[in-house]
Every structure is written in structure tokens, then in C-alpha cells.
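I set down here, in order, what I looked up in this structure.

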Amino acid sequence: MKTLVIVIHPDMEKSMINKRWIEELKKYPEKYTVHALYEEYADEKIDAVREQHLMEAYDKIVFQFPFYWFSSPPLLKKWLDEVLLYGWAYGSKSGYKLGGKKMSLAVSAGIDEEGYSASGKYKYTMNELFRPYELTFDYIKADYKEPFVYYGIENDPSEEWVEKSVPMYLEFLDTL
């Protein structure tokens with residue numbers, strides 16, 4: 001079954017990694033559906049029912065975004081608040097519509113992995129910083145999988161470094 005990749009990037013034209021990942025995913029429409037939230041909802045008026053129907057159609061869902069300010073772009077938070085509703089995503093009468101679906105994150109991070117460690121610049125690992133997502137997906141009974149994180153754009157913004165991430169990302173998606 002195809003994987004739904006929900007992309008949350010507020011300025012894709014300036015992106016190096018996320019833009020390249022999307023270009024690659026679009027080469028395989030039989031395997032991946034790319035759903036770019038900032039393109040779909042430039043006015044940030046989310047069609048929750050449409051989003052719910054879209055998610056119901058997939059068994060694997062990945063949220064792809066750049067990591068900044070120790071979180072995701074703000075449209076993802078708004079999307080979570082407006083789409084994962086009581087009575088649909090959770091609650092005794094919801095049927096947990098996303099229950100059992102594999103969900104994960106695919107994130108580009110500015111600094112090297114060492115910076116996201118107990119002894120690093122930011123004192124916490126990415127898995128620790130992703131706890132709100134893990135808890136959210138657990139709460140709706142989805143099957144949360146370890147995230148894919150590609151580190152270091154600030155240290156090496158070269159085309160070669162970006163290209164190195166592409167097969168790694170595809171492998172992550174294919175083994176999800």
C-alpha cells in the first residue's frame with residue numbers, strides 16, 4: 001500500500017532538503033502520495049473532513065518537516081488540533097479511525113546529531129524532543145515508528161550532502 005507523506009514546510013522554494021525529498025517522492029506515484037499542507041491551505045483554513053478521509057485511505061502516514069524552534073512549522077500544530085478530533089481520532093465512540101496505522105516523522109535538522117544529545121548544545125535527543133508527537137500518536141492508537149532525521153544542513157549545505165539523504169529517506173519510507 002502507498003504511503004501518505006504530509007509535508008509541512010512554509011517556504012518550499014527556499015528549502016534544500018525537503019524540496020529535494022518531494023522531487024524524489026513524486027517520481028514514484030505508485031508508492032507515495034505527497035500532500036503539502038502549506039500549498040493546500042495557504043489561507044490556513046483546514047478542511048478537517050477532507051483530511052480525515054485522506055488519512056483513512058492510508059496505512060502508513062509520515063509527517064515531513066524542517067525542525068526549527070525545537071518543533072514543527074506552526075501549521076502542523078493547527079492541523080493536529082483541527083483534524084484529530086474527539087469522536088473521530090479518539091474517544092470511546094470514535095472507533096479510533098487511525099488506530100493501528102503506522103505513523104512517523106521525517107525531519108531535517110540544522111545541526112549535527114551530537115548537538116541533540118545530553119552533552120550537546122541543546123541537551124536533549126531528537127527522540128526526547130519528539131515526545132509530544134509520540135504521545136499524540138499513541139493517544140489515537142496509531143503505531144508510532146522511530147523517526148527519520150537528517151542532520152547538519154548548517155554545516156554542509158552542498159548538493160552532494162543533500163543527495164546523500166535521498167536514498168536514506170526512501171529506505172526509511174519503504175521499511176516503515
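Predicted model: local features only at pLDDT ≥ 70, side-chain atom pairs only at ≥ 80, totals over all residues.

Residues are numbered from 1 along each chain as its sequence is written, and side-chain values use heavy atoms, with hydrogens and water left out.

**Entry 1. Aromatic rings**

I looked up the pair of Phe 70 and Tyr 122, which is edge-to-face, with 5.0 Å centre to centre and 70 degrees between the planes. For the elements I used DSSP runs numbered from the N terminus: helices (H or I, at least four residues) and strands (E, at least two). Phe 70 is in the loop between β3 (60-67) and α4, and Tyr 122 is in the loop between β4 (102-109) and α5 (126-129), so the pair ties together parts 52 residues apart in sequence.

I then checked accessibility, where buried means under 20% relative accessible area, exposed over 50%, and partly exposed in between (1.4 Å probe, protein chains only). Phe 70 is partly exposed at 39%, and Tyr 122 is partly exposed at 23%.

Lys 31 lies over the face of Tyr 28, 5.7 Å from the ring centre. Lys 141 lies over the face of Tyr 96 at 4.8 Å.

**Entry 2. Salt bridges**

Side chains of opposite charge can pair when their charged atoms come close. With a side-chain nitrogen of Lys or Arg within 4 Å of a carboxyl oxygen of Asp or Glu as the criterion, I found 13 salt bridges in the structure.

Arg 20 and Glu 24 form one of them, at 2.9 Å from N to O. Both lie in helix α1 (residues 17-25), four residues apart, about one turn of the helix, and both are buried.

Glu 51 and Arg 50 also meet in a salt bridge, at 3.9 Å from N to O. Are these two residues buried or partly exposed? Glu 51 counts as buried because its relative accessibility is 0%, whereas Arg 50, at 38%, counts as partly exposed.

In helix α4 (residues 74-83), Asp 81 and Lys 77 are four residues apart, about one turn of the helix. The closest N and O atoms of their salt bridge are 2.7 Å apart. Asp 81 is partly exposed, with a relative accessible area of 45%. I next recorded a network in which salt bridges with shared partners join Arg 20, Glu 24, Lys 27 and Glu 163.

**Entry 3. Nonpolar cores**

In soluble globular proteins, nonpolar side chains tend to be buried together. I took a nonpolar core as a set of buried Ala, Val, Leu, Ile, Met, Phe, Trp, Tyr and Cys residues joined through side-chain atoms within 4.5 Å.

Which residues of the largest nonpolar core touch the most other members? Among its 39 residues, they are Met 55, Phe 63, Trp 79 and Met 126. Helix α4 supplies the largest share of this core, five residues. A second, separate core of 21 residues includes Val 7, Trp 21, Tyr 32 and Trp 161.

All five residues of strand β1 (residues 3-7) are buried. Thr 3, Val 5 and Val 7 point one way, and Leu 4 and Ile 6 the other way. Strands count as paired if DSSP finds at least two bridges between them; five bridges join β1 to the parallel strand β2 (residues 32-36). Val 7 stands opposite Ala 36 in β2.

I also looked up His 35, which lies in β2 and is buried at 6% relative accessible area.

Key:
Phe/Tyr/Trp six-rings, centres within 6.5 Å; stacked < 30°, edge-to-face > 60°. Lys NZ or Arg CZ within 6 Å of the ring centre and 35° of its normal.
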